[in-house]
Amino acid sequence: MSTVIYILRFGRDSLGEFNRFQLRISKLRGGADPFGRPHMKNLGLMRDGFPADSGILVDAKLLKSEWKSEGSVTLTYDRPIAINGFWFQIRERRPELDPISYSMFAANCNVEVSPFRVSDCGNWTLVGASRATFRSITMSWTFTDAPQLPAPEPARLSKQIFDFRIPKFLGSVLVLRSVCLASSNSLISILAYAKREQTAVMVAVYFMLPSVNFFYLLAVVGCQDEQDCVTVGSGAIFSILISWAVVAGSWFVYLAALSGVWGLLCCGVVWIWYGWQAVSMPLVSSSAVFAVANIRLILSRRKLLQESFRLMEKDRAMYDKVFKELQQTEKALLRLQDQVAKIEENIGPVPSRMSQQAPVAAVKETAELVDVDSLHKLFLAAAMLHPILIDKAKFWAEQSKGSFSLSSAHGTTKPKFARIKNVERACEKVIRTYSGRVKHLVDICRQSIIFDTVEDLATCLSLIARDGEAQVLRLKNRLDPGFDSTKSSGYRDVQLNIRLKTQESLKQGVWWHIAELQLLIRSFAELKRDEGHRR
């Protein structure tokens, strides 16, 4: 027979308040069944670690101490008292009669009607036993009358003390952990509902994970038996999964949801095997929050992605329709392909991802180039290079019938030059696309030139290739009929990554900065303005 008695009840460090206590002997050291009066000299209760019957902190009077012949002892008080354990003394002779298996029960009886009759008491509660195990995960005790093995022979007339108070340090940790978990769970739920995924992750990293991991570290140290270790192990795996989720970055939501489901399943197994008393309520609440909140985020993200894919397919159909019209100018497309092939031959092998590299001495073109890992440095260089790129783009556009504007609703054609990339968008791209590597941002300084025909675009490309102040580092020809348009949702253009080595860029020391130049067909540019790139 076993049960769990929670130590912390309404902030009180006790096993409860009772007015009748009974110690029941079930096994003796010699192996015989208990008989006659128990082989004890004295018996008492514990208050704050002191024997209550010694006169320390006694708030009730012992009405009777009844030693029965069937191997039990009953203590009756005039009103309920709070206890945290018990003690007894062994007699000086006959060690074979020492009790090694025993249980302490307590009840609240109507002592005014019958102060000595055990049958007038209600339900008896197990509050102590020969074997007591502290549950580090639930901060509670489990009692069973199984003997402590090996059962040592106590010194004659010595007091056997059983103090079931919770350690003060663990109690403080429990309170702090509960406050931290409750506040972080509530905040994560609110943020998840508001779809603030990144902020919810930060709350989990800086508030929830430290409290959970620290608590389970203490719990693993205090793990004492199978039931406790199963519960602690479930929580530890839950904590490990959450930690992995944080490290996994983009997979955080999925691993966090998995950890929540895992925690709930483990709590269910513990409940089936050991009863609800052994289930960790903090683990249940944390698992439920992680499961519900992250499953909601997964479903919301999937819904948004499905809607985005539907809109992208719509865009692709419109872009493909425009490109079919362009394919009627087969000669112009072939000329463009030949021009691209010549430029690519001069460029040579191109890495899958370009890298911004600056010289050790910025004003010297011949200095050694090193990777740029400062977003501030890239934006500073982009701001200085931007007017130089506009001037160059104007020159190329004038020589090839290009422009920088689309027809507005009022029929105006005022030039509109591209601005430097937004800082927030740049940071988002660094995190999501480049895994935090700033050096791969090569489109902070960018410009677009719009053409009415493919012939004009090919002419501009030829001008750029022959310009001694422009170094083409990479070229993407999305107007090639062999290009897989599914990668760009049907959108097509010619994109170049270039360095400008003009007199002004060399003087300012920004010649090393890689800029992006897009050559667009007007029909594609109009669709891009009205429909595309919003997804």
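Where is the place of Ile 295? Select Ile 295 and see: helix α5 holds this residue. Helices here are DSSP runs of H or I with at least four residues, strands are runs of E with at least two, and both are numbered from the N terminus.

Before moving on, note that this is a predicted model, where local features need pLDDT of at least 70, side-chain atom pairs count only at pLDDT 80 or more, and totals for chains, interfaces and linings use all residues. Residues are numbered from 1 along each chain as its sequence is written, and side-chain values use heavy atoms, with hydrogens and water left out.

**Stop 1**

**Stop 2: salt bridges**

Select Asp 320 and Arg 316. They form a salt bridge, with the closest N and O atoms 3.6 Å apart. The term means a side-chain nitrogen of Lys or Arg within 4 Å of a carboxyl oxygen of Asp or Glu. Both residues sit in helix α5 (residues 281-326), four residues apart, about one turn of the helix. The structure holds 10 salt bridges.

Next, pick Lys 421 and Asp 443, a salt bridge of 3.2 Å, N to O. This pair links distant parts of the chain, 22 residues apart: Lys 421 is in the loop between α7 (375-399) and α8 (423-432), Asp 443 in the loop between α8 and β17 (446-451). Are these two buried or exposed? Lys 421 is buried at 7% relative accessibility, and Asp 443 is buried at 6%.

Then go to Arg 522 and Asp 452, whose side chains meet at 2.5 Å, N to O, in a salt bridge. Arg 522 is in helix α11 (residues 522-530) and Asp 452 in the loop between β17 and α9 (454-466), so the pair ties together parts 70 residues apart in sequence.

**Stop 3: strand β10**

Select residues 99-107. Nine of the nine residues of strand β10 are buried, so the strand is largely enclosed by the rest of the structure. Strand β4 (residues 17-28) pairs with β10 in the antiparallel sense over eight bridges. Pairing requires at least two DSSP bridges between the strands. Strand β11 (residues 125-129) also runs antiparallel to β10, joined by four bridges.

**Stop 4: the cores**

Which residues have the most contacts inside the largest nonpolar core? They are Leu 336, Trp 396, Ile 449, Leu 496 and Leu 519, in a core of 60 residues. Helix α7 gives the most to this core, with 10 residues. A nonpolar core is a set of buried Ala, Val, Leu, Ile, Met, Phe, Trp, Tyr and Cys residues joined through side-chain atoms within 4.5 Å. Finish at a second, separate core of 34 residues, including Leu 15, Phe 21, Met 104 and Ala 106.

Technical notes. Buried < 20%, exposed > 50% of the residue type's maximum accessible area, 1.4 Å probe, protein only.
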